[in-house]
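Here are my notes on this one, written as numbered points. Have the model open while you read, and find each piece as it comes up.

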Amino acid sequence: MAQRSEIDPIAALRQPGFLLFWIGALLSNTGNQMRSVAVGWEVYHRTHAPIDLGYVGLVLALPVLLLALPAGAAADRYSRRVIIMIAQAGLAASGVGLAWASWTHAPLGWVYFFLLSTGTFRALGWPAATAIVAGLVPHKMFPNAAMWRSAGFQLASTVGPLAGGFLLAWWNPVAVYLIDAASSVVLFCCLIFVRPRLQQRLAEPHSWRSFLQGVRYLRRQPVILSTMMLDMVAVLFGGATALLPIYATEVLGVGATGFGWLRAMPSIGAIFTSLWLATRPPIERGGTTLLWAVVAFGVATIVFGLSQSYPLSLAALFTLGAADNISVVIRSTVLQLMTPDSMRGRVSAVGVIFIGTSNEIGEFESGLAAQWLGLLPAVVGGGFMTLVTVGVVARAWPELVKLGSLEHLEPPEQVEQVVG
């Protein structure tokens with residue numbers, strides 16, 4: 001009973017710097033989600049060509065693949081707060097550009113240009129935004145901060161599409177793009193008052209070797225690498241959400257409203273799990289918990305693929321989102337706490353490349369699999385592949401199974417010898 005009295009569900013939110021950053025990021029992410037809905041709606045209604053929607057994902061993912069490693073090195077060399085502010089200013093300008101293209105009915109190439117700009121500034125700020133959190137809260141509070149970051153993202157993923165759809169119905173995409181731009185300005189303003197702890201700066205000369213230090217470091221950190229591998233594969237092969245429009249219309253017959261609930265249910269499951277984790281002690285058996293969470297993700301994907309019942313499908317998606325949230329919290333905690341501060345930007349950049357773009361790649365994989373194999377084999381097969389991956393990772397990296405309390409994680413000593 002004494003132990004439970006020490007649990008503070010909002011410990012990280014009591015830190016003023018983290019609270020400001022969290023609020024700003026919540027609003028910015030909500031704007032981003034609204035923009036995603038508006039762009040998809042506008043592009044498809046302009047051309048009625050599904051391939052044009054695929055180009056949207058491509059122009060957003062390509063800058064991340066090309067720029068994440070240099071951006072990670074920059075996050076270790078320069079002020080992470082300033083980098084995020086520059087990125088938010090660029091995202092605001094990109095949002096205004098999209099509003100102009102929509103208002104003037106400019107050629108579709110301009111839409112892709114401003115989306116490419118959006119992807120570029122997102123790539124610039126992403127590693128810094130991931131790495132800065134460890135400088136906003138005490139070390140022991142980081143698992144709680146990771147949980148709240150995940151909850152904020154899932155809340156934005158629930159509210160953003162709903163708000164974007166409402167604005168599209170009552171106004172037009174221009175209003176959505178301007179609100180997205182304003183949300184980036186809000187985060188920019190919040191960061192003016194955020195003062196993270198002094199970070200350990202990268203001192204070595206600019207070189208490709210310094211860019212690739214994050215990759216070299218991860219190769220020698222089996223626990224971090226295995227958590228990233230599990231998360232990436234789960235998203236790649238468990239991409240049932242990409243096929244939700246087909247399930248809503250052809251399998252479950254629930255229409256647009258039912259589709260909206262299907263789309264929101266994983267985020268709702270993640271939010272409930274975040275609130276539950278906030279009231280619990282720090283996870284004591286991190287490796288085992290992560291493995292079982294990914295197993296639950298795979299099983300939920302299989303159940304959803306086989307289901308022809310709307311309530312069962314909702315329950316499966318809820319479980320899928322809940323399990324994924326546990327995985328995200330553990331992975332982000334391991335990644336940040338087992339990485340020295342002087343390398344957090346570069347290591348986070350590797351995570352951005354493999355995890356951050358896996359959603360778009362996973363959607364592409366799911367679409368191809370459904371086209372070639374059929375809907376049921378694509379989803380159910382992806383769930384089975386996720387389960388197989390759990391077994392392979394547990395066998396290949398036994399260090400993950402031994403991972404204990406997330407509260408006591410520390411970077412390895414003598415990092416230079418590890419990465420040199």
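1. At what angle do helix α10 (residues 222-237) and α17 pack? The angle is about 170 degrees, and the two axes are 8 Å apart. Axes here are lines fitted to C-alpha atoms, for helices over the stretch in contact, and angles run from 0 to 180 degrees between N-to-C directions. On the α10 side the contact (heavy atoms within 4.5 Å) uses Ser226, Met229, Leu230, Val233, Ala234 and Phe237. From α17 come Gly382, Gly383, Met385, Thr386, Thr389, Val390 and Val393.

2. Before going on, a word on where this comes from. It is a predicted model, in which local features need pLDDT of at least 70 and side-chain atom pairs count only at pLDDT 80 or more, while totals for chains, interfaces and linings use all residues. Residues are numbered from 1 along each chain as its sequence is written, and side-chain values use heavy atoms, with hydrogens and water left out.

3. Now the overall picture. The chain has 19 helices and 0 strands; these are DSSP runs numbered from the N terminus (helices H or I, at least four residues; strands E, at least two). Of its 420 residues, 55% are buried, where buried means under 20% relative accessible area, exposed over 50% and partly exposed in between (1.4 Å probe, protein chains only).

4. Back to α17 (residues 375-396), which also packs against helix α13 (residues 286-306) at about 165 degrees, with the axes 8 Å apart. These two are therefore roughly antiparallel as well. The contact includes Val294, Phe297 and Ile302 from α13, and Leu376, Phe384 and Leu387 from α17. By class it has 15 nonpolar, 5 polar and no charged residues. Here Ala, Val, Leu, Ile, Met, Phe, Trp, Tyr, Cys and Pro count as nonpolar, Asp, Glu, Lys and Arg as charged, and the others, Gly among them, as polar.

5. Have a look at Thr301, which sits in α13. Is Thr301 buried or exposed? Thr301 is buried, with a relative accessible area of 1%. Its C-alpha is 7.0 Å from that of Ala316, 15 residues away in sequence.

6. Next, α4 (residues 80-103) and α5 (residues 108-131): their axes come within 8 Å and cross at roughly 160 degrees. That makes α4 roughly antiparallel to α5. Their contact holds 17 nonpolar, 6 polar and 2 charged residues. In the loop between α4 and α5 you'll find His105. The phi of His105 is near 55 degrees, a positive value in a residue other than glycine. His105 is exposed, with a relative accessible area of 65%.

7. Last, the cores. A nonpolar core is a set of buried Ala, Val, Leu, Ile, Met, Phe, Trp, Tyr and Cys residues joined through side-chain atoms within 4.5 Å. The largest has 70 residues, and Phe18, Phe21, Trp148, Ile224 and Leu230 touch the most other members. Helix α14 (residues 310-337) gives the most to this core, with 8 residues. A second, separate core of 21 residues includes Ala101, Val111, Phe114 and Val174. Setting aside neighbours within four places in sequence, the contacts of Phe21 include Ile84, Leu136, Arg149 and Val194.

Definitions and conventions: Angles under 35 degrees count as roughly parallel, over 145 as roughly antiparallel, 65 to 115 as roughly perpendicular and the rest as oblique.
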